[in-house]
Amino acid sequence: MNQEYADIILPFSVRGKFTYRIPGSIAGALKPGMRVRVHFASRISSGIVIRIHDTQPKHDKIKEIISVFDNTPAVNDTQLKLWSWIAEYYMCTEGEVMKAGLLSEKNIDDYKQRTEAFVRLLKDCSEKQMHEMLDALKKAPKQCDILANWIRMSGYPDSMISVKKSDLLTESRSSVSVLESLIKKKVFEIVLLPVSRTSPERIKTETPQLLSQAQDKAITSIKEHFLNKEIVLLHGVTSSGKTEIYIHLIDEQLKKGKQVLYLLPEIALTTQIIQRLKKHFGSSTDVYHSRLNNGERIEIWDKVASSRRHGQLILGVRSSVFLPFNNLSLVIVDEEHDGSYKQQDPAPRYNGRDTAIMLSNIHGAKTLLGSASPSIESYNNALSGKYGLVELSERYSQIRLPDIIIANTREAHKRKLMVSHFTPELLNAVDDALSKEEQVILFQNRRGYSPYIECSECGWIPVCVQCAVNMTYHKGIDRLVCHYCGFTMRPPHNCGSCGSSGLITKGFGTEKIEDEIRLVFPKARVARMDQDTTRSKNSFNRIIKSFENRQIDILIGTQMISKGLDFENLTIVGILNADNILNFPDFRSHERSFQLMEQVSGRAGRRNKPGKVIIQTSDPSHKIIRQVIRHDYKSMFRLQADERKTFNYPPFCRIVRFEIKHKNRGQLVIFAEKFGDELKKLFGKRVLGPEEPLISRVQLWYIKVIILKLEKEKSFSQARSLIYEAMKHIDSEKGASSLRINVDVDPY
Ligand code: ADP
Ligand code: ZN
Ligand code: ZN
């Protein structure tokens with residue numbers, strides 16, 4: 001085939017295929033995945049080659065590629081396959097996926113890699129062979145000494161990390177010439193490797209813990225399922241030792257020299273788990289998330305791309321699915337039910353769990369999903385036999401699940417027993433824990449001081465100038481903040497409607513809880529962990545470390561502290577307001593409430609001291625609360641699954657959600673109706689709306705929502721082409737240029 005044309009992905013949301021001519025000077029050398037410079041819409045842009053062919057495009061004004069950036073592909077085949085799956089499935093452009101999936105070129109060009117010489121074994125070597133080698137070197141004690149030191153420093157035979165040459169020489173007080181003799185004898189080789197800013201070198205690694213009988217059984221069962229299934233769901237109650245099981249499975253893969261991806265829904269979780277992993281896997285472990293700086297990110301990117309069968313573990317958040325894996329054999333998605341896996345904005349609006357499953361599939365790897373309260377979707381897949389199912393119903397070493405105590409806030413208010421926002425049950429439990437020098441976590445899913453301010457005369461509430469959202473009061477900075485667009489203003493002294501000065505703060509967020517708990521327990525050391533206190537790079541680490549070191553008695557936080565954390569001395573968990581968790585109007589709200597409360601509860605009493613959870617609610621008989629008390633996931637699942645079947649919700653249908661936006665409200669109404677009609681022509685009763693969403697205006701854009709419910713059995717790719725057809729119709733309408741339609745497949 002002649003290298004005449006190349007299809008290029010450009011980092012824009014413009015739909016369509018972009019084909020360029022390949023100039024003679026580079027023809028024959030161009031490969032898919034390479035970065036090139038091209039002219040696009042009167043500017044120069046960089047793009048990625050996806051296909052090389054000799055089919056002349058229909059239009060004749062075809063431009064030439066200007067130049068090629070590097071001599072090797074920046075993106076490998078499996079990445080390109082994943083990109084195109086994401087673009088297709090989540091209905092966005094490959095350019096949008098590229099923006100999410102590729103480090104920007106500025107990053108790459110800025111980066112000067114630091115490499116240093118490392119020493120590693122030339123060939124894999126069994127312990128027997130190693131003994132023979134040491135024996136053979138008896139007559140050369142200096143060489144023998146270097147090899148012995150290398151063994152100690154590399155963690156051999158459990159892992160075979162390359163050892164920095166300079167360190168090896170210092171430690172063995174030896175000279176380069178002695179090392180060179182070992183290279184001549186084909187024991188060692190010297191390689192240049194990037195020196196890590198991310199992982200400290202030379203950690204002594206420990207072998208994984210011995211598993212309990214229940215864990216052993218679970219791991220055997222996981223492996224059996226993997227013989228004929230690609231995906232296994234591990235449903236294990238909180239603190240049942242799931243992480244320990246992951247560690248064993250990872251260990252096996254690393255020993256085979258494979259890559260493993262371990263996904264977590266939030267950065268906050270990576271800080272604790274990384275310590276546990278590093279203990280076992282040393283510097284073959286890296287963390288990947290958005291808080292890393294460019295250099296660190298590129299370094300990990302390069303390490304993953306060049307991991308030459310040395311065994312490598314990446315712990316990361318959803319964006320790690322974009323790393324250039326080439327030897328991936330296992331993907332673990334922990335807390336698989338978690339909504340944070342879904343990217344809301346901008347496109348690609350992908351679900352990290354589902355994308356990880358696809359990534360794993362492309363590599364022919366296996367996927368292990370783990371959760372204490374699996375998503376209805378995954379559990380349904382497990383029951384139907386699509387996934388293997390493995391369950392762990394007891395905590396590690398028979399520690400009891402925490403007792404759940406319901407504190408009725410309505411009663412307490414009536415009987416004037418509330419102290420600020422705290423019930424007597426909660427205060428007693430906290431008091432008790434503090435007197436035993438045990439620790440407490442208080443959970444409130446709202447940050448700020450109070451969610452809104454209200455005029456006590458006329459009920460007026462300040463809302464954001466750009467969004468249809470109440471402004472949240474933040475006391476620390478004494479400002480009202482919009483949590484949707486970030487707009488802030490000074491709190492008004494007088495009512496914007498009647499002029500009264502009787503403005504009062506309503507409701508409570510984490511900041512207020514922090515203030516008030518300090519008043520109630522003046523001697524306790526109190527800290528808060530939410531978006532506002534964790535803006536700097538190491539803030540998660542600092543707070544979690546201080547809690548681990550018992551420098552904090554009471555930690556208050558949002559969902560950030562609800563998952564995965566493991567604290568030895570934490571016995572009391574308080575959920576301050578279960579009502580606003582339960583009353584969120586969405587088909588997933590019950591599932592989510594159960595998961596959230598079960599997760600938060602799971603932090604308590606994970607070691608020898610029994611844990612207790614106090615849930616404050618005005619509705620103690622709510623069915624979800626009853627299920628949480630009994631830790632009864634299965635009832636929750638059955639009830640939710642029944643309801644979703646009856647009312648046709650996922651997993652029994654597929655939802656596509658359209659967000660239609662315009663800055664002019666009148667225009668929006670007209671266009672939304674028109675788009676709805678187009679869709680109804682194609683999909684009939686499967687179309688719901690347009691409707692006004694809960695937040696009907698964000699950042700000056702008015703919003704309408706249309707929901708499309710598609711049968712699972714029907715072809716989704718056909719439905720997608722029909723959707724594109726409807727969108728094209730609207731795009732061609734007059735005035736549609738200032739209209740935006742965001743498509744969200746499997747919205748959360
Ligand atoms: P999960 O991931 O299910 O919440 P973890 O793996 O964090 O549970 O285990 C809970 C606690 O029990 C942790 O402190 C962990 O170190 C400990 N643990 C679990 N399995 C073992 C084991 N086999 N040997 C020693 N300690 C274990
Ligand atoms: Zn007023
Ligand atoms: Zn706003």
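Me: Which residues form one aromatic cluster with Trp85?
Reply: This is a predicted model. One aromatic cluster in it takes in Trp85.

Me: Is the pair of tryptophan 85 and tyrosine 89 stacked or edge-to-face?
Reply: A search of the whole structure finds 17 aromatic pairs. For tryptophan 85 and tyrosine 89, the ring centres are 5.2 Å apart and the planes meet at 10°. Planes under 30 degrees apart count as stacked. The pair is therefore stacked.

Me: What separates tryptophan 85 and tyrosine 89 along helix α1?
Reply: Helix α1 covers residues 77–89. Both residues are in this helix, four residues apart. Their separation is therefore about one helical turn.

Me: Is tyrosine 89 buried or exposed?
Reply: Its relative accessibility is 15%. Buried means under 20%. So tyrosine 89 counts as buried.

Me: Is the pair of tyrosine 89 and tyrosine 90 stacked or edge-to-face?
Reply: The rings lie 4.8 Å centre to centre, with 80° between the planes. An angle over 60 degrees counts as edge-to-face. Tyrosine 89 and tyrosine 90 are edge-to-face.

Me: Is tyrosine 90 buried or exposed?
Reply: The relative accessible area of tyrosine 90 is 1%. The limit for buried is under 20%. Tyrosine 90 is therefore buried.

Me: Which residue lies over the face of tyrosine 649?
Reply: Arginine 37 lies over the face of phenylalanine 69, at 4.1 Å from the ring centre. Over tyrosine 649 the distance to the ring centre is 3.9 Å. The residue there is lysine 709.

Terms used: Residues are numbered from 1 along each chain as its sequence is written. Chains are lettered from A and ligands numbered from 1 in the order in which they are written. This is a predicted model: local features need pLDDT of at least 70, side-chain atom pairs count only at pLDDT 80 or more; totals for chains, interfaces and linings use all residues. Side-chain values use heavy atoms; hydrogens and water are left out. Rings of Phe, Tyr and Trp (its six-membered ring) pair if their centres lie within 6.5 Å; planes under 30 degrees apart count as stacked, over 60 as edge-to-face and the rest as tilted. Helices (H or I, at least four residues) and strands (E, at least two) are DSSP runs, numbered from the N terminus. Buried means under 20% relative accessible area, exposed over 50%, partly exposed in between (1.4 Å probe, protein chains only). A charge sits over a ring if NZ of Lys or CZ of Arg is within 6 Å of the ring centre and within 35 degrees of the ring normal.
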